[in-house]
Amino acid sequence: MSTVSTSRRSVISEAVAPWSEIAQLLRGGEAGTLVPVIIPRHRRRLWWMLPLWFGVFALLTGVMSSAGDSGGVAGAARDSLAALAYVLGVLSLLAGALWWWRSSIVEIEQGTNGVLTRYGAVVRTLDPGRHYLWHPWSRVDFVVDTATEVPYSAPVMACPTRENVPLRSIEFFLKFRITDAVLFVRTIGAGNFDLVLSSAVQDAIRQRARKMQTERAYDLRGSDVADMQELLNRQLSRYGVRITGCNIPDVQLPAQYQQHLATRERVAKERAAYDQEWGLTRKRRIDSLRMDIERAKKVRDARIVEVKAALNRAREEVAQLLEEQETNAQRVRFEIETRGRSGLIAAENEARAQRRLAQAYRDNRAVLQYELARRRLEVGATLAGSAPRPVVVRTGGAEGGGDTSALSTLLTAQLLPRLTALPSANPVRRIADAADGER
């Protein structure tokens with residue numbers, strides 16, 4: 001809540017002063033006013049022309065006095081008068097010239113510019129320093145401060161917000177500098193510029209306040225006013241003035257809203273205290289939780305160490321068991337390989353014996369087959385030698401006239417086996433006995 005009283009609005013004006021008071025007025029103002037423009041009170045008159053005209057008249061008088069006859073007393077008097085006229089003329093001319101030289105000197109203060117006019121028309125601007133105005137009708141009408149940044153305070157009263165609530169006042173402070181002295185004094189002047197600047201500032205402040213809510217009006221204090229500065233520069237550039245800086249130092253609300261904001265500030269302070277207390281409580285809880293977490297981490301690390309030790313022991317035991325199993329497996333493998341080699345050797349020996357037995361059996365069989373074949377040949381030869389003779393029984397047909405009855409045929413079939421079997425009974429039995437012995 002602001003307690004700063006509303007300051008008085010700055011007033012810009014111009015003053016008429018002698019050359020000796022220009023510096024004081026430009027730096028300090030006059031009766032609380034800002035004076036960026038001084039109209040010099042000129043001490044330059046045309047009185048310096050009187051000694052010059054008098055000197056010229058005296059010289060002409062001397063010339064006319066010396067032009068007459070110089071004889072006698074009258075001539076001596078004219079000569080004396082001519083000499084006196086010459087002396088007075090020369091002295092008058094020197095006094096008039098000195099007076100002219102002294103009245104033509106103009107000294108412009110540092111940081112200011114003088115506006116030089118001739119017959120009322122602006123000729124040029126004079127820079128700081130000493131200048132000589134030899135022309136009788138040349139004069140400095142204005143001395144303008146173009147280097148100093150002039151401070152200007154413009155409080156805006158009863159400024160409505162977005163909710164159409166009039167604020168008590170809005171302090172607006174700016175600094176401006178005159179960049180073009182001729183344009184400033186000939187276009188607007190200091191007095192008119194005060195009205196124009198005040199109107200422009202109030203318009204800009206009221207536009208800004210219309211965009212703000214009443215409860216956020218204090219946000220205007222120290223806010224960014226670059227857009228307002230740019231707007232004022234666009235409006236005042238035609239007058240040869242540039243705004244170099246501005247801000248809003250203070251905002252005062254109506255009494256009702258001040259109480260409301262006081263309540264808000266009290267609630268905000270209580271909330272801040274509660275937030276601080278809650279932050280301390282939360283910090284304590286977090287610290288205790290962190291201690292528990294650290295303790296749990298230590299327990300976890302100890303258990304992890306125990307588990308790793310147990311895991312290492314288990315790995316050692318497993319490695320030892322694996323070594324024992326590998327030893328047993330190697331031993332079993334060696335036994336199996338030994339038994340296998342023994343079995344293989346026995347099988348190879350048995351195979352060799354079987355091969356040899358088979359070889360012997362094959363050789364014996366060939367001998368037996370040879371004997372059997374030989375015996376067969378002998379039996380065949382024996383059988384061939386004792387073979388019966390063939391008996392031809394002719395049975396004639398109808399053409400031969402033989403006996404073709406069934407009875408004769410049956411008798412022949414019964415007698416033939418008897419005739420062929422009797423002589424060869426013993427050799428056949430011997431062959432059958434030999435075959436059985438071979439088996």
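**Figure 1. The largest nonpolar core.** Of the 44 residues in the largest nonpolar core, L174 and F176 touch the most other members. Helix α5 contributes the most to this core, giving 8 residues. A nonpolar core here is a set of buried Ala, Val, Leu, Ile, Met, Phe, Trp, Tyr and Cys residues, joined through side-chain atoms within 4.5 Å. Buried means under 20% relative accessible area, exposed means over 50%, and partly exposed lies in between (1.4 Å probe, protein chains only). A second, separate core has 15 residues, including I22, V106, L126 and V140. In soluble globular proteins, nonpolar side chains tend to be buried together.

This is a predicted model: local features need pLDDT of at least 70, side-chain atom pairs count only at pLDDT 80 or more, and totals for chains, interfaces and linings use all residues. Residues are numbered from 1 along each chain as its sequence is written, and side-chain values use heavy atoms, with hydrogens and water left out.

**Figure 2. The protein as a whole.** The protein has 439 residues, of which 26% count as buried. Its secondary structure comes to 9 helices and 11 strands. These are DSSP runs numbered from the N terminus: helices are H or I with at least four residues, strands are E with at least two. The protein exposes about 29700 Å², and carbon and sulfur atoms supply 57% of that area. Areas come from the Shrake-Rupley method with a 1.4 Å probe; for residues, only the protein chains shown count as cover. Take the contacts in the protein with a separation of 6 or more: residues 24 or more positions apart account for 70% of them. Contact means heavy atoms within 4.5 Å.

**Figure 3. F176 and its ring cluster.** Ring pairs link F176, F184 and F193 into a cluster. The structure holds 2 aromatic pairs. Rings of Phe, Tyr and Trp (its six-membered ring) pair if their centres lie within 6.5 Å; planes under 30 degrees apart are stacked, over 60 edge-to-face, and the rest tilted. F184 counts as buried because its relative accessibility is 0%. F193 is buried too, with a relative accessible area of 0%. Leaving aside neighbours within four places in sequence, F176 contacts residues including I12, Y152, F193, L197 and I243. T148, E149 and R242 are also among the contacts of F176.

**Figure 4. The buried face of helix α6.** Helix α6 spans residues 226-236, and M228, L232, N233 and L236 are buried in it. Seen down the axis of α6, the buried residues fall within an arc of 135 degrees, so they line one face of the helix. The arc is that of the directions from the helix axis to the C-beta atoms. What covers these buried residues includes β10 (166-178), α5 (189-210) and β11 (241-252).

**Figure 5. Strand β4 between its partners.** In strand β4 (residues 112-118), 6 of the 7 residues are buried, so the strand is largely enclosed by the rest of the structure. β4 pairs with strand β7 (residues 138-145) in the antiparallel sense over 7 bridges. Two strands pair if DSSP finds at least two bridges between them. L116 stands opposite R124 in β5. R118 stands opposite A121 in β5. β4 and β5 form a hairpin with 2 residues between them, and Y119 in the turn has a positive phi of about 60 degrees. In a regular strand the side chains alternate between the two faces of the sheet.

Figure 6. E109 lies in the loop between β3 (105-108) and β4. At 34% relative accessibility, E109 counts as partly exposed. Not counting residues up to four places away in sequence, E109 touches A23 and P128. E109 and G129 are 20 residues apart in sequence, yet 6.6 Å apart in space, C-alpha to C-alpha.

**Figure 7. A77 in helix α3.** A77 sits in helix α3 (residues 72-103). A77 is partly exposed, with a relative accessible area of 45%. A77 and S65 lie 12 residues apart in sequence and 9.2 Å apart in space, C-alpha to C-alpha.
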